[in-house]
Amino acid sequence: MHGMKSLLGAVLLVVSAAGCARNAPEARQAPSPSTTTVYVARRVRTLDAERPIAEALSVRAGKVLAVGTRDEVLAAAGAGARMVDLGDATVVPGLTDAHGHLAGLGQSLAAVSLEGTASREEVLSRMAAAPATAWQGDWLVGRGWDQNDWPEKSFPGRAELDAQHPKTPVVLERVDGHAWWVNGEALRRAKISKETPDPAGGRILRGADGEPTGILVDNAMDLVAAVLPAPTDAQLEARIAGALARCAEVGLTGFHDAGMDLRTFRLLQRWDKEGKLPLRVYVMADGQGADRETYLREGPFQGRMLTMRAVKLSMDGALGSRGAALHAPYSDEPGHRGLLLLTPEEYEARVRAFMARGFQVATHAIGDRANTLVLETLLRAAEATGTLHGRHRVEHAQVMRLEDIQRMGKSGLVASMQPTHATSDMPWAETRVGPERIKGAYAWRKLKEAGAPLAFGSDFPVERPDVLPGLYAARTRQDAAGQPPGGWYPDQRMSGEEALEGFTVGAAHAAFAENERGRLKPGMDADFVAFSVDPVEAPVAELLTAQVKLTVAAGAEVYRSP
């Protein structure tokens, strides 16, 4: 995802994502290091082969003390233990979203929400009722539209926005973060005209007369981003606090942030030092923009709840906006093969520099051409820098040639994938790439069977951060209505346990944390979530209405359902 500049956000942290704004989270309320807490539930699913199912676990000083029967755990806890009865809930290891965007999530909570709009007219209606938080300076900002959901599937234009907002600059981010819909005033302030050339790795869509239509794809968005006012410190803090609250509410004990800007990272460093960071954050530094020079100079960072040892680069755009780089032209746009956001030479130079500095390199690759280039470059650079075991990552690995799937499976590279992308894109993805290339698209099972370690995420706010829909999508490859029958390319479905492992064991491996997290066993971190249903064995449709009862990170209860 290509994130928009920071916007306003205001959501109360930890207990609920609703309520009044605050500029920083409260200090973490963890039990005293000498306090032992025993949690009893209908089932504790540990993902530990030695004891996969239990009925209780105890926690002390942020670590799992014991797992087993109620009597066994109580005996290990000793006298004076705090008791928490979770009733019919099922406890699972802490859930980690392996690919999200914290600043983008905060943005989406503040901007005009355009998710689920069924037409251009509905977009305009929502913009007319914009909340106060959607204004940044005198700019009006919205997010989440997808023209594929509208009767007319073509991109919209500036004319509709100009009629409603002739003098107010308007920026509306597409759901995938790879295209902006802007009005004439925004174009004027950015000095984008008929004479403005397309920037490298970007497209300014134009009408028959050559005039910009108001759609900017990938690197062309930077032209407007350069004049969009930055948020104040207070606005940034409120937005990030709100995003963290939302993550805790949906059952995340941590996430991997895919391309964090330096300003947000500095804020999280401060909160982590002050004991105010409620969740574990594994940062992929932004390697695409100017911040990369500071990250390279300072190197990896390890705090208490905050880790930064990866870098995020982006090779291409997104399939929905036809920015994904393909070997052959798009099936629905002959002559167009997508965009490379970096030249192959520049990409390899950055990869080698970060590898040599001790970073894990994670690269966004959607189209098959981008995936081939990334696969070849990562392996060549890893060998040259002696980091073949550096668990370098391909973010999305979305459309791949079948031979590249096999190569990736043998390489040791991590496939960081998003189950809900498949179910969101399935109505139109085959139209973009055709019946042959689709066989290597969203191919979780093929990659797993080839030997690639899988880490699952949502790409929030492109998709919602809720893990339960991700588990449902991984198991069914269907939408919430159960369509299509049997699932979309159902041979790629995952079992209930495999889906859960993607958000636990797989995510931990991708962050070098498999000895601390991903399972529930004595001595490992006390990160876990209680669901109202068993996410592995419950009828799969129940995942859509299930609730998060409790989220615990590092032994602290960071969310409890009302």
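## Reading helix packing and strand pairing

In strand S22, the bridge partner of Pro93 is Phe528.

Author: This is a predicted model, in which local features need pLDDT of at least 70, side-chain atom pairs count only at pLDDT 80 or more, and totals for chains, interfaces and linings use all residues. Residues are numbered from 1 along each chain as its sequence is written, and side-chain values use heavy atoms, with hydrogens and water left out.

Reader: In what sense do S5 and S22 pair, and over how many bridges?

Author: Two strands pair if DSSP finds at least two bridges between them. Strands are DSSP runs of E, at least two residues; helices are runs of H or I, at least four; both are numbered from the N terminus. Here S5 (residues 90-93) and S22 pair in the antiparallel sense, over four bridges. S22 also pairs with S23 (residues 548-553), again antiparallel over four bridges. There, Val529 stands opposite Thr551.

Reader: Which residues of S22 are buried on each side?

Author: Buried means under 20% relative accessible area, exposed over 50%, partly exposed in between (1.4 Å probe, protein chains only). S22 spans residues 528-531, and both of its faces are covered. Phe528 and Ala530 are buried on one side, Val529 and Phe531 on the other.

Reader: At what angle do H11 and H12 pack?

Author: Axes are lines fitted to C-alpha atoms, for helices over the stretch in contact; angles run from 0 to 180 degrees between N-to-C directions. Under 35 degrees counts as roughly parallel, over 145 as roughly antiparallel, 65 to 115 as roughly perpendicular, the rest as oblique. H11 (residues 368-385) and H12 (residues 402-411) pack at about 30 degrees, with axes 11 Å apart. They are therefore roughly parallel.

Reader: Which residues of H11 and H12 meet?

Author: Contact means heavy atoms within 4.5 Å. Asp368, Thr372, Leu375, Glu376 and Leu379 in H11 meet Asp404, Arg407, Met408 and Ser411 in H12. These divide into three nonpolar, two polar and four charged. Ala, Val, Leu, Ile, Met, Phe, Trp, Tyr, Cys and Pro count as nonpolar; Asp, Glu, Lys and Arg as charged; the others, Gly among them, as polar.

Reader: How do the axes of H2 and H7 cross?

Author: The axes of H2 (residues 102-110) and H7 (residues 233-249) come within 8 Å and cross at roughly 95 degrees. That makes H2 roughly perpendicular to H7. The contact residues divide into eight nonpolar, four polar and two charged.

Reader: Is Glu498 buried or exposed?

Author: Glu498 is buried, at 17% relative accessible area. Glu498 lies in H17 (residues 496-502). Leaving aside neighbours within four places in sequence, Glu498 is in contact with Arg445, Lys448 and Phe456.
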